[in-house]
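Welcome! Open your viewer, load the model and follow along, one selection at a time.

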Amino acid sequence: MRRIAEFQTKGLAPAARRAGRLIFGFLVMLACLEVGGALAPLLPVRLPGALMGMVVLAALLTAHRGRVAVAASEAGTLLMRRYALFFVPAGVGVMTSFGPLRGAWPAVVTALIVSSLLALVVTGLTMQLVLGLQARSRRAVLQVVCGHE
């Protein structure tokens with residue numbers, strides 16, 4: 001009888017601690033979102049509040065490496081595991097707006113293809129640039145280390 005009681009309560013404490021960390025992590029993220037929303041109108045450049053919230057969260061996680069970072073990391077990992085669910089509202093919106101899109105489908109398909117190709121080209125050129133800069137910096141370091149300036 002005692003073993004059954006120990007078994008039932010033994011697994012509860014770690015689960016409760018994890019739930020507490022997740023709740024704390026979500027609260028940290030929501031607080032950063034609210035701070036970003038409050039800061040965005042004060043800036044001379046128009047930026048979305050959510051973007052400013054991400055900047056605030058990144059600064060907080062860079063400056064603080066304790067419980068806040070662990071809790072926010074766990075909450076973010078949970079959200080990323082369920083990332084596909086965030087596309088459901090967009091899919092439903094497209095399906096409910098199919099009538100107006102029916103006449104504009106050639107423009108939508110063309111925009112999707114052109115933007116996808118443009119993203120691929122820009123990403124490829126950026127990677128080539130970064131890899132070239134890395135190779136040059138490695139050669140410069142090797143020349144300094146080996147004494148061939």
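What volume does the largest pocket have? It comes to about 220 Å³. A pocket here is an open set of points on a 1 Å grid over the protein atoms alone, where a 1.4 Å probe fits, with protein on both sides within 12 Å along at least five of seven lines. The volume is the space filled by probe spheres set on the points, which are joined across faces, edges and corners.

A note before you click: this is a predicted model, in which local features need pLDDT of at least 70 and side-chain atom pairs count only at pLDDT 80 or more, while totals for chains, interfaces and linings use all residues. Residues are numbered from 1 along each chain as its sequence is written, and side-chain values use heavy atoms, leaving out hydrogens and water.

**Stop one: the whole chain.** Of the 149 residues, 10% count as buried, meaning under 20% relative accessible area with a 1.4 Å probe, protein chains only.

**Stop two: the pocket lining.** Select Phe26, Met29, Leu30, Cys32, Leu33, Ala50, Gly53, Met54, Leu57, Ala58 and Leu61; lining residues have an atom within 4 Å of a point. Helices H2 (12–39) and H3 (49–63) each supply at least two of the lining residues, and H3 gives the most, with six. Colour the lining by type: 10 residues are nonpolar, one is polar and none is charged.

**Stop three: a salt bridge.** Now select Glu74 and Arg21, whose closest N and O atoms are 3.0 Å apart; a salt bridge needs a side-chain nitrogen of Lys or Arg within 4 Å of a carboxyl oxygen of Asp or Glu. Glu74 sits in helix H4 (residues 67–81) and Arg21 in helix H2, so the pair ties together parts 53 residues apart in sequence. The count by this rule is one salt bridge.

Conventions: Helix = DSSP H or I, 4+ residues; strand = E, 2+ residues; numbered from the N terminus. Nonpolar A, V, L, I, M, F, W, Y, C, P; charged D, E, K, R; others polar. Buried < 20%, exposed > 50% of the residue type's maximum accessible area, 1.4 Å probe, protein only.
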